[in-house]
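Hello,

I am handing over the structure we talked about. Please have a look at it first, then read my notes below.

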Amino acid sequence: MVAVTSQRLGRMLGPLPGRGPLYAELAERLRLLAVDGRLPDGVRLPAERELAGALGLSRTTVAGAYALLRELGCLKSVRGSGSYVVLPERPAGAAPDEAGVLDLTKAAMPAASPVADCVRRAADALGPELARSGYEVIGLPRLRIAVAEHYAARGVPTDPDQIMVTTGVQHAIALVARTLLSPGDRAAVEQPTYPHAMDTLQAARARLVALPVTPAGWDLEAAAAAFRATSPALAYTMPDFHNPTGASLDPAGRERLARLAERHRTVLVADETTALLDISRGPLPPLAAFAPGSVTLGGLAKLAWGGLRVGWIRAPRAMVGRLAQARTSLDLGTPVLEQLVAAELLERQDVLVAERRHRLGEGLAALGGALAERFPGWAWTAPGGGMSVWADCAPLSSSQLVVAARARGVALTAGPRFGMDGAFEHRLRLPFTASPDELRQAVAAIADAASDASSGPARPPLIAV
Ligand SMILES: Cc1ncc(COP(=O)(O)O)c(C=O)c1O
C-alpha cells in the first residue's frame, strides 16, 4: 500500500492558522486533502509521532486529529500496521448536491442552446448506422472527417486517418498516457495544471517535471532547463487558455516549445479542451502548426456540453494505430449516437463559439467587478479566454478559505490541488462559468468566509463534504 511521507504531507498541508483547536484544524486539512483527491483512498499516513515531529506539533495534537478523522470515517487505523485514508462517501470530483451549495469546483456550463436540436437531428440520422455493427474503435468516419475539417480550417491540414474519437478529453489523456509512457518515464506538466491530467500521468507511474506558468505566461527559460535536465518522454500542455490561469502561449512561445520538444524527442501533447473559449484574444495557430509530430486533444465538453462525453485525438497516423491497439483493453469505442450529435454540433461551431463568448464575457465581468469590490487587495489577471481566474489570495491560505467557504455554501477547489506537493497555497481558482448573479453571490460568501477564516471563531471541523 502506498504511503505518504511526513515531509511530503507537511508540504501538502501548508501552514495551520492556529485560530481554533489545532487538532481540529489538522483534521480539517487532512480531510480536505482526501476530499479533493490529493490523498488517495488507502494511502498510509505517517505515524503520529513522526508527523508531529515534521509539523512541529505535539503528539497529542496529531493523535487528536487522527481520532477525529476515525470518528468521521475518514481514517482507519490497524494495530501494528498504521493509519490509512478512507475515501469519503462523496468521492473527489462528485458534485456537492446539497441544496443551496454553489459548486465552483468545476469550470463547466449548462448545455449550449444548439445541443437539444442536434440530439434530435442525430436521432434522425441514426437509421443507416443501425444497419451496421456499431463498433467503431477509432470513431465514425463522418465525425472524423468533421474533426479533420475543423483543424484544416484552423490552419493545420489534417487527414481523417489522423483522428481518433474518444469518450471525452479525459479519456484521451488516459489513452495517450497508457500508450506513450512506461513506468518511471518523465512527463512534463505545466505548474499549475489541470489536476486530473496530473492524476492520470501519475497513475501511469510517470515522474512529473514542472513547466512553470503564471497568468502572465510561460517561463520558457525554466522549461528549457527542465527539458535539458530530464528529456521528458511527454509534455502535457494547454497553450490555449491554460487551466487554471487562463493564459495563452504566444506564437514565439509555441515555436520555442515545439523546438524544445523536437530536440529532446519529447511527444508534445496539447490539450485544447478550452481552445475555442475565446473572449477577447482572437485566434492563434494551434500548437500543431508549429509541431507537426505533436498530439492534440480536443472535445465538445466546454463548447457544447460536458454530458455529451465526446472528444478526440489528432496525432500522426502511426500513433493513431498504436492508440487504437491500446484502447481495446479499455473500451471498444464511443457511443454512436453521441458521435452523431458531435458531428451535428461541429456544423454549428460558429453559433457555439459566439454563445460561449457571450456567457463567459459576462461571467468574467461579473466576477471581476465582485472581486474588485470585495477583495481589492487580491492580485489577478483577466484572461483573454478560458473559464477561470487564478487569483492570488495572500495572505489567506487557500485551503483554509476553501474550508470556510464550504461552510458558507460555496464549494471551491484549493490552489494546491493544481500543483505538485503543496504549491499554490495562496492561489485560488475562480471559474466564471456560473451566471453573473451566482458569481456575485459566491464572491460575497467567500468574503464572509475570509473574515471567518482570518478572525472569526473556530468552526466545527468539516463534517459534511
Ligand atoms: C484542461 C482540461 N482537459 C480535459 C478536461 C476533461 O474534458 P472532458 O469532459 O472532455 O473529458 C477538462 C475538464 O474540465 C479540462 O479542463
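Domain bounds here come from an automatic or database domain assignment. Keep in mind that this is a predicted model.

On that basis, the chain splits into three parts: domain 1 (6-85), domain 2 (102-111 + 356-455) and domain 3 (114-350). The C-alpha centres of domain 1 and domain 2 are 26 Å apart. These two domains touch: 14 residues of domain 1 and 13 residues of domain 2 form the contact.

- D271: an N or O atom of its side chain is 2.6 Å from a nitrogen atom of the ligand.
- V169: a backbone N or O atom sits 2.8 Å from a ligand oxygen atom.
- T273: a polar side-chain atom lies 3.2 Å from a nitrogen atom of the ligand.

How much of the ligand does the protein cover? On its own, the ligand has 400 Å² of accessible area, and the protein covers 90% of that.

Last, the cysteines. The search for disulfides took in the whole structure and found 0. Are C118 and C393 buried or exposed? Buried means under 20% relative accessible area. C118 has 0%, so C118 is buried. C393 also has 0%, so C393 is buried too.

Best wishes

Notes:
Residues are numbered from 1 along each chain as its sequence is written. This is a predicted model: local features need pLDDT of at least 70, side-chain atom pairs count only at pLDDT 80 or more; totals for chains, interfaces and linings use all residues. Side-chain values use heavy atoms; hydrogens and water are left out. A polar contact is a pair of N or O atoms within 3.5 Å; within protein, one must be able to donate a hydrogen and the other to accept it, and residues adjacent in sequence count only if both atoms are side-chain atoms. Accessible areas come from the Shrake-Rupley method with a 1.4 Å probe; for residues, only the protein chains shown count as cover. A disulfide is a pair of cysteine sulfur atoms within 2.5 Å. Buried means under 20% relative accessible area, exposed over 50%, partly exposed in between (1.4 Å probe, protein chains only). Contact means heavy atoms within 4.5 Å.
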